[in-house]
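Student: I am new to this structure. Can we read it together, one feature at a time?

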Amino acid sequence: MQGFTLSKQERLSSIKEIELLFKEGKSFSKYPFRVIWLEKDPTSGTGIRVMFSVSKRKFPGAVDRNKVKRLMRESYRLLKPAFYQSMQLNTSWDIGLVYTGTEILGFQEIQRNLSKALERLSTQHRQEIK
C-alpha cells in the first residue's frame, strides 16, 4: 500500500470488468451513495480497485458531475488507509461508488457519508468471512 495515493492500478477502468461488477456484484445504499462490490479470485492479485460514477440524469452539467467525482475521489483517497486495514487485504475486490444524491454536498458531508459506507462494507465483509 502506498498510503494516501490513488494510483491507476487502484482504479477500475476496464469496461468488461465494470459490466461484470454491475451484473454480478452485491450492493447496498447509504445516502448519498450506492456501493456495489464484487469479490474476485484472490490469485488475480489486483487488490482493491474502485470506480466513481455520477448520474448524468441527476447532474446534466459536466462541471457538476466532475466536481462530485473529484470530491468522492479525494474523500476515498483520504479514507483508503483505514479502509484497507479493516478489509485485511488477502482478497481482491472491485468496488463501484455511485453518487445517488440530487444535490452537491460539501466535502465534509461526502467524506463522512463515504466513511460510513466503507465501514458498512468492511463489516459485511467480516460477517461473510465468519
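Student: How many bridges join strand β2 to β4, and do they run parallel or antiparallel?

Tutor: One note before the count: this is a predicted model. Strand β2 covers residues 33–40, and eight bridges join it to β4. The two run antiparallel.

Student: How many bridges join strand β3 to β4?

Tutor: Seven, and here the strands run parallel. Strand β3 spans residues 48–54. Pick out Phe52: its bridge partner in β4 is Leu97.

Student: Is β4 mostly covered or mostly open?

Tutor: Burial is judged by relative accessible area, and under 20% counts as buried. Strand β4 takes in residues 92–99, and eight of its eight residues are buried. Now check each face. On one side sit Ser92, Asp94, Gly96 and Val98, and on the other Trp93, Ile95, Leu97 and Tyr99. Both faces are covered.

Student: Now the rings. How many aromatic pairs are there?

Tutor: Rings of Phe, Tyr and Trp pair if their centres lie within 6.5 Å. By this rule there are six aromatic pairs. One of them joins Phe52 and Tyr76, at 5.9 Å centre to centre with 70° between the planes. That pair is edge-to-face.

Student: Which parts does the pair of Phe52 and Tyr76 tie together?

Tutor: Phe52 lies in strand β3, while Tyr76 lies in helix α2, residues 62–87. The pair therefore ties together parts 24 residues apart in sequence.

Student: Are Phe52 and Tyr76 buried or exposed?

Tutor: Compare each value with the cut-off. Phe52 has 13% relative accessibility, so it counts as buried. Tyr76 has 0%, so Tyr76 counts as buried too.

Student: What kind of aromatic pair do Phe59 and Tyr99 form?

Tutor: A tilted one, with 50° between the planes and 5.9 Å centre to centre. Phe59 lies in the loop between β3 and α2, and Tyr99 lies in strand β4, so this pair ties together parts 40 residues apart in sequence. Phe59 and Tyr99 are both buried.

Student: Which residues form one aromatic cluster?

Tutor: Follow the rings out from Phe52. The cluster is made of Phe52, Tyr76, Phe83 and Tyr84.

Student: What sits over the ring of Tyr84?

Tutor: Look for a charge. The charged end of Lys80 sits there, 5.5 Å from the centre of the Tyr84 ring.

Terms used: Residues are numbered from 1 along each chain as its sequence is written. This is a predicted model: local features need pLDDT of at least 70, side-chain atom pairs count only at pLDDT 80 or more; totals for chains, interfaces and linings use all residues. Side-chain values use heavy atoms; hydrogens and water are left out. Buried means under 20% relative accessible area, exposed over 50%, partly exposed in between (1.4 Å probe, protein chains only). Helices (H or I, at least four residues) and strands (E, at least two) are DSSP runs, numbered from the N terminus. Two strands pair if DSSP finds at least two bridges between them. Rings of Phe, Tyr and Trp (its six-membered ring) pair if their centres lie within 6.5 Å; planes under 30 degrees apart count as stacked, over 60 as edge-to-face and the rest as tilted. A charge sits over a ring if NZ of Lys or CZ of Arg is within 6 Å of the ring centre and within 35 degrees of the ring normal.
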